[in-house]
There are 2 protein chains.
Amino acid sequence: MVWRGPETWEETALHSSGLISIDWGTSAFRAYLVGADGATIDQRRSALGILSVPAGGYEATLAEAIGVWRALDGALPILMSGMVGARQGWREAPYAPCPAGLTEIGAAIVAIDGGALGPIGLVPGVRRGDGDAEPDVMRGEETQILGAVAWSGRADETLVLPGTHSKWARVADGRIRSFSTYMTGEIFAALKGHTILGRLMNDGQGSGEGFAEGVRAATRLSAPGDLLHAVFMTRSLGLFDRLSASELSDYLSGLLIGAEVLAGSAGAPDGAIVVGSPGLTERYLKAGALLGLKLRAAPEDCVPRGHLALLDGWRARAL
Amino acid sequence: MVWRGPETWEETALHSSGLISIDWGTSAFRAYLVGADGATIDQRRSALGILSVPAGGYEATLAEAIGVWRALDGALPILMSGMVGARQGWREAPYAPCPAGLTEIGAAIVAIDGGALGPIGLVPGVRRGDGDAEPDVMRGEETQILGAVAWSGRADETLVLPGTHSKWARVADGRIRSFSTYMTGEIFAALKGHTILGRLMNDGQGSGEGFAEGVRAATRLSAPGDLLHAVFMTRSLGLFDRLSASELSDYLSGLLIGAEVLAGSAGAPDGAIVVGSPGLTERYLKAGALLGLKLRAAPEDCVPRGHLALLDGWRARAL
């Protein structure tokens, strides 16, 4: 099959108000077919993250996943975000520096020739600025943030994207002004899997009280180093039968998430938007409720929403 | 060989002002032959911690290690501390509750019949009190603390015993009033060995600047949860070439130790005594100097000093 449609992703953006939206991370692939009204018509998920794609195999992997959609509409725009744009991905899309909004990120989209799939736009990640004392990067989350902000309709927001490496981001005037990574998920896994804390844990169904206890324990910390002590309480409370074995994992989870939410939401009196998987989002909302903070869940389709906002922004500037 | 000396460890205490002092932990064994003047005459170390002792093999293992000393003086007192007194050790010595000093800990010493070695005194661990919101225990450290306090000559002290599980203890009127465990060493190992942070690290000889940078970073934290973000800087500073690969491990060490020292020493205007291995003690003293805190190193023989103080206390009460 030879491509006979528009030559650039910008042309495809003018062709159609629908979209094929791709979120291609390290260990997961997700694609959305989005109609002209912005609603998701169909979606695909797989474990074919970029670590699982054979050398030179990006185009074939993508064609396999979205070939049917492409056959339905030969010139729908395709936008991709995530680690697929990292140096070790399909093509590197250099990071846009903060502050970065629809204009800056849209201007830094990298064009890929998708062969029989036609032109593809590759959304760059975002990095904190050169003079910043705390360098940090994101790739994929910038699109979710743009989608969540488009959903909220407010140009000033605090957002958290929980996960292995949680990101807390500040958006001002519609642009990502700064963000910080919290290793909460990976630290939880390392403590549970590779320290003495995991030994007393029993992964039976907890009552939820362990999680609440952990969040409350987070509020009693004062010095930053207190966390090094507080995690050990997971063991002591188990040894002294103050918490049952089935509550200990949730206690550690609540302690770490509580500490993260308190730190990340500092200076955000209007609360924050949570952009994450349903399970993690529920934990963060529960922690927020216990802490008296206004956390609200973003819809699950923030990636296609972010891509649509980028296309809309591009059209608004082009027309 | 049949024992023909004193029948109890208390009688041996009256017999001699010397001592055979044993520190028997989970993974290490250490013994000191102490002369009448309190000086260490000889010592033995091995990796025969209680996890390596075969079932029923405590007496034989100890006889193998100190049999020569016992042959020199048939009735020197023998005192043991550490996990050898845990439920999974030779005999359980129930914890003495805080506040616990020479009198309380001395009164809770458990007598063991050492067969051909004669009577042995087993020093109990210490636990925080029943009504305490934060249950915690120590076993072995109580003897080091008593030894360090005997060395300092002051009845009110703050002490840190750095390690896999660091202990910070407050001594008031010569008694351990409270203490807290910080998982600093084990968290460092888990982060380095089982998270993304270890991947950029190169264990070449650092300049020491990485450690100092980490300690300084600890002073810039404000919320407890900031630590979940700060550890990630180990990766970001490496990725952005702000720290060389050989400094990253020391940076993480400095960050965690700095945070621990700031938290543990809060409310201790007179500083603290560091009781640990020479290598770790040097790191803590360096962190203290960078933080403007008065940390001072205890001598290495705090275990026999603690045992001597327990014997002296017992004699003072007995005579």
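Through which surface do the copies meet? The answer is the same surface on both, because 100% of the interface residues of chain A are also interface residues in chain B, where contact between two residues asks that their C-beta atoms, placed from the backbone, lie within 7 Å.

Before going on, please keep in mind that this is a predicted model, in which local features need pLDDT of at least 70, side-chain atom pairs count only at pLDDT 80 or more, and totals for chains, interfaces and linings use all residues. Residues are numbered from 1 along each chain as its sequence is written, while chains are lettered from A and ligands numbered from 1 in the order in which they are written.

Superposing by least squares on the C-alpha atoms of residues with pLDDT of at least 70 in both copies, chain A can be laid on chain B with an RMSD of 0.0 Å, by a turn of 180° and a shift of 0.0 Å along the axis. The two copies are thus related as by a two-fold rotation axis, and the residue of chain A that comes closest to that axis is Pro224(A), with its C-alpha at 1.8 Å.

The contact takes 39 residues from chain A and 39 residues from chain B. On the side of chain A that touches chain B, strand 12 (175-182), helix 5 (184-194), helix 7 (226-230), helix 8 (233-239) and helix 9 each supply at least two residues; here helices (H or I, at least four residues) and strands (E, at least two) are DSSP runs numbered from the N terminus. Helix 5 of chain A gives the largest share of that side, seven residues.

Helix 9 of chain A, residues 248-264, has 17 residues and reaches 24 Å from its first C-alpha to its last, close to the 24 Å expected at 1.5 Å a residue, the expected span being 1.5 Å times one less than the number of residues.

Turning to the sheet, six strands of chain A form an open sheet in the order 3-2-1-4-7-6, with mixed pairing, and two strands pair if DSSP finds at least two bridges between them. Strand 3 (40-46) and strand 6 (110-113) of chain A stand at the edges, each with a single partner strand, so one side of each is left without a neighbour in the sheet. Within the sheet, strand 1 (residues 19-24) and strand 4 (residues 78-81) of chain A run parallel and are joined by four bridges, and Ser21(A) stands opposite Leu79(A) in strand 4 of chain A.
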